[in-house]
Every structure is written in C-alpha cells, then in structure tokens.
Amino acid sequence: MNERLKTYWQENPKVRQEVGRIFRFGITGTTCSLIHYGIYCLILLVANYNIAYTGGYIGGLIVNYFLTTYFTFRKRPSKGNLAGFIGSHALNYLLEMALLNLFVWIGLSDWLAPICVMIIVVPINFLILQLVYTFRKK
C-alpha cells in the first residue's frame, strides 16, 4: 500500500501541485487570519465589533492579496486577479459580517464570534480564490 501511494504521488504532478497549493493556502490563511484577528482585538477595545471586524478585515485583506498572489498561487499581480480577489472578498466580507452578527445575536462573545466565522468562511474563500487564480480564458 505504501509503495502504491508513493508511486501514485510520483506519477501525478498535478496532485502534488494541488496539495502544495492547499498547504500554502493554509499558511497564508492562518497568517492573514491572525493579522485580521489581532487588528480586530485592538480595535474592539475602543469600538464595536462591526467596526473592529471591518478594520481587521481590511488589514488582513492587504496582506492576503500579496501572499495569495505570490505565495499560494505563485502568480504575478494583475488587473484580472486583483479584480477577482476584490470581488471574491467583497462577497466574503458580506458573508462574514452576516455570520458575525448572527453569532453575536445568538450569544457568542465579541471575542469568540470572529473565530467561529473564520472557521466557516476560510474553506469557501479557498474555493472562490481557486477559481480566480486558476481560471484560464479560452
């Protein structure tokens, strides 16, 4: 079994490429989520959770674009991937704000709710960004 798996891995460069991309996305997502949450916590000390979340989102978004472009998908910045990135994150932001307010409304603390939001939206965000960075015009 181990030998079959090793052979499969060696004979399928697309699988290796995709596993690497998912791994790099995890590193990028974790880094940007920590930045987002750190900024959120700082702003939360002086503002409400919606303002704090938006501030954290913007801070994380800036770092996220460059890490996603250069590290995760190993591309160069372009108008196309910037537009797709901003578009996907605009949708993502609306989803996150809805979930954040839902979680606070049902009783989660302002400190815990963003963590629950991120757990839900990160996989969704990966799928959207996968389309943005790997879609080829024919």
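Trainee: Where does Ile128 lie?

Mentor: Ile128 lies in helix 5, which covers residues 113-134; helices here are DSSP runs of H or I with at least four residues, strands are E runs of at least two, and both are numbered from the N terminus. Before we go on, note that this is a predicted model, in which local features need pLDDT of at least 70 and side-chain atom pairs count only at pLDDT 80 or more, while totals for chains, interfaces and linings use all residues. Residues are numbered from 1 along each chain as its sequence is written, and side-chain values use heavy atoms, with hydrogens and water left out.

Trainee: Is Ile128 buried, exposed or partly exposed?

Mentor: Ile128 is partly exposed, because its relative accessible area is 28%, and the scale calls a residue buried under 20%, exposed over 50% and partly exposed in between, using a 1.4 Å probe and protein chains only. Ile128 is also 43 residues from Phe85 in sequence, with 8.9 Å between their C-alpha atoms.

Trainee: Which residues lie nearest the centre of the largest cavity?

Mentor: Of the 16 residues in its lining, Ser33, His36, Asn64, Glu96 and Asn125 lie nearest the centre. Helix 2 (13-44), helix 3, helix 4 and helix 5 each give two or more residues to that lining, and helix 2 gives the most, with five residues.

Trainee: You mentioned Asn64, so what is centred on it in helix 3?

Mentor: A kink of about 25 degrees in helix 3 is centred on Asn64, the bend at a residue being the angle between axes fitted to the seven residues ending there and the seven starting there. Helix 3 spans only 30 Å between its end C-alpha atoms, whereas a straight helix of 24 residues would span 34 Å at 1.5 Å a residue, the expected span being 1.5 Å times one less than the number of residues. Asn64 is among the buried residues of helix 3, and those buried residues pack against helix 2, helix 4 and helix 5.

Trainee: How does the span of helix 2 come out at 1.5 Å a residue?

Mentor: The 32 residues of helix 2 should span 46 Å, and its end C-alpha atoms are 45 Å apart, which agrees. Its buried residues, including Phe25 and His36, pack against helix 3, helix 4 and helix 5.

Trainee: To finish, how many helices and strands are in the protein chain?

Mentor: There are five helices and zero strands, and buried residues make up 33% of the 138 residues.

Definitions and conventions: 1 Å grid on protein atoms, 1.4 Å probe; cavity = no way out; pocket = protein on both sides within 12 Å on 5 of 7 lines; lining within 4 Å. Contact = heavy atoms within 4.5 Å.
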